Amino acid sequence: EQARIGVTGLAVMGRNLARNFARHGHAVALHNRTAARTRELVEQFGDEGTFIPTETAEDFVAALERPRKLVVMVKAGAPTDAVIEEFAPLLEPGDMIIDGGNAHFLDTRRREADLRRRGLLFVGTGVSGGEEGALNGPSIMPGGSAEAYASLGPLLEDIAATVDGTPCCTHVGADGAGHFVKMVHNGIEYADMQLIAESYDLLRHAVGLEPAEIAEVFRTWNTGRLESYLIEITAEILDHADPETGQPFVDVVLDRAEQKGTGRWTVQSALDLGVPVAGIAEAVFARSVSGHTGLRAAAAGLPGPRPNSADASAPGLADAIEKALYASKIVAYAQGFHQIEAGAAEYGWEVDAGAMATIWRGGCIIRARFLDRIRAAYAADPHLPTLLTDEHFAQALGDAQDAWRSVVAAAARAGIPAPGFSSALAYYDALRAGRLPAALTQAQRDFFGAHTYRRTDRDGSYHTLWGGDRSEVTA
Ligand code: NDP
C-alpha cells in the first residue's frame, strides 16, 4: 500500500498531524531526521490507522502515491530550507511539498517561486491550534496555487476543525498568502490576550476583585458576546490555586511574557505596508516592556497618581470593562483585517476576508463567537472599508462610548497601564475625526524640509518660503 500523504518532522506538531490524517483513514508515510521519533510514533499510536514508517529520504518518497504530497513539519527557517533541498531533487513534476511550519511569508514566496521553476508545487500553510489542534482539528490556512489546493484541499479539510459543518480550512491565496494570514492571526491573538490582561488588571486593581472573583466575571462574560477560547481559559487560570503555596496561580507566575516572533513579524510587515495596527503593536510592546526587568526596577520608585485622585472603582466599572473590551477587540480585528487587505493588494492575492473569519471560528486560539459577526459583516458587504463601519459593530462601538472612555480614564487616573484599551480608543477617534493635526505635522515638514503640502481648497503641491517672505510657490 502507498501513502496518500507523508509527514516529515515528527515532533509534537508533525506527530499529531500524522495521527490526525491516519485517524481519518488516510495512509500516512512517516519520516524524521532522527529515526527514533518515527519508531516511537508507530509503537505508541500504530493502531490508530495506517502508518508507513521510513528511515531514508528515498524510502519516504517511494512510499507516496503520485502525485506525491509531503508535509514538512520541522523547525522554521534554515531547517525548512534544508529539508526542502533534501527532498526536492527526489521528486517529479506535479509533486507537492507542503510546509506547515511557522514560516515567514516572504520565505514562503521565495520557496514557492523556486520550486515552481523546478516543476514542483509548494503550499505554505498556516496551522493554528497548537498540538491539541493538530491532533483533533486545527484551523488550516493554506497558500499556494489553486491547482495545488484542488488536490490537497480535500485532505486538509478532512482533518481541520469544523464549525456548523464547515471545515476551518480554505484556500487563502497564492504563494505566501496562507502564512501571511496565519501571521496576522497570531498578531490578533497577541492583541486579544493583551486586552484580556488589561481587563484583569483593572478588575483586580481598580475594581478591587480577587482572582477567583475575576474568574467568575470572565465566566459570566463567556456566556455573552465575548464567548471565546481565550476568555474561557482565562477564567480557568484565574480560578487555579498554586498547589505548592495555595496562592492564586497568577500571583506565582513571573510577570514576564515571552514571544516566539510572529507578533513581531506582524508589526514589521504592517510597518512596511503602512497599515496602522497600533493595537497589535501595543500588545507586542507590552510583552517587551514586561521583559525589561532592569528598566522596570530602575523606574519602580517613580511617582504615580496621588492616592485620592485614584477614584477608579466607580460603580459599574466591571460592566464598563466588558464594553471597553468588546470595543477594543473590534478595533484590533479591524486593524488585522486591514493588514490582510493591504497584504493582498501588495502581493497580488485574492483573499476573502469573510472566509478568514470563517476558518478562525474553530481549531485556533482566537476561536470565538465574535468571528461569526465578522463573517456576517463581510457577507453583508464584501468591500467593507473597515469592520468599524459594519452596522452591528458600529452600534456596539456606539453603545460602548461612555464605558470605553471611562475605563481608559479610570486606568489613567489609577496609574494602571492600559495601552491596548487606550490605543484602540485613539485609533477609533482618529479615524472618525473630521480633521487631524496631521495638517500641522505636514506644515512642519514643509517648514524644515521643504517637503511641500497640499491644500484643502485646490489641487496641486505647494511650498511656503518659510525662510524668505513666506509667500507660497507651486512645487
Ligand atoms: P520544532 O519546531 O521543535 O522542530 C522539531 C522538528 O524539526 C523535529 O522533527 C526535528 O527533527 C526537526 N528538525 C529540526 N532541524 C532539522 C534539520 N536541520 N533537518 C531536519 N529536521 C530538522 O517542532 P514543533 O512540532 O513544535 O513545530 C514544527 C513546526 O510547526 C515549526 O515550524 C513550528 O513553528 C510550527 N508550529 C508549531 C506550533 C506549536 O504549537 N508547537 C503551532 C503551529 C505551528 P529531529 O527529531 O531529528 O530533531
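1. A surface patch groups residues with over 30% relative accessible area and no salt bridge; like charges are joined within 9 Å, and nonpolar side chains (Val, Leu, Ile, Met, Phe, Trp, Tyr) within 5 Å. Lys and Arg count as positive, Asp and Glu as negative, while His and the chain ends are not counted. A charge is placed at NZ of Lys, CZ of Arg, CG of Asp or CD of Glu. By these terms, R33, R37, K75 and K260 form a patch of positive charge on the surface.

2. A word on the basis. This is a predicted model: local features need pLDDT of at least 70, side-chain atom pairs count only at pLDDT 80 or more, and totals for chains, interfaces and linings use all residues. Residues are numbered from 1 along each chain as its sequence is written, and side-chain values use heavy atoms, with hydrogens and water left out.

3. R37 sits in helix α2 (residues 35-45). Helices (H or I, at least four residues) and strands (E, at least two) are DSSP runs, numbered from the N terminus. Areas come from the Shrake-Rupley method with a 1.4 Å probe, and for residues only the protein chains shown count as cover. Buried means under 20% relative accessible area, exposed over 50%, and partly exposed in between. R37 has 42%, so this residue is partly exposed.

4. For C168, the nearest cysteine sulfur is that of C364, 7.2 Å away. C168 is buried, at 0% relative accessible area. C364 is likewise in no disulfide, and C364 is buried at 0%.

5. Salt bridges come next. The rule asks for a side-chain nitrogen of Lys or Arg within 4 Å of a carboxyl oxygen of Asp or Glu. The count is 29. In R109 and D175, the closest N and O atoms are 3.0 Å apart. This pair links distant parts of the chain, 66 residues apart: R109 is in helix α5 (residues 105-117), and D175 is in the loop between β9 (166-167) and α8 (177-205). R109 is partly exposed at 26%, whereas D175 is buried at 13%.

6. D255 and R296 make another salt bridge, with closest N and O atoms 2.6 Å apart. D255 lies in the loop between α11 (249-252) and α12 (262-273) and R296 in helix α14 (residues 293-299), so the bridge ties together parts 41 residues apart in sequence. D255 is partly exposed at 49%; R296 is partly exposed at 32%. Salt bridges with shared partners also join D81, D99, D107, R110 and R111 into one network.

7. Now the backbone. Most residues other than glycine have a negative phi, and most peptide bonds are trans. R66 and P67 are joined by a cis peptide bond, with omega about -10 degrees. P67 is in the loop between α3 (57-62) and β4.

8. D164 has a positive phi, near 50 degrees, and is not a glycine. D164 belongs to the loop between β8 (162-163) and β9, and D164 is exposed at 66%. A450, also not a glycine, has a positive phi of about 50 degrees. A450 lies in the loop between α21 (438-449) and β10 (453-454) and is partly exposed at 43%.

Technical notes: Buried means under 20% relative accessible area, exposed over 50%, partly exposed in between (1.4 Å probe, protein chains only). A disulfide is a pair of cysteine sulfur atoms within 2.5 Å.
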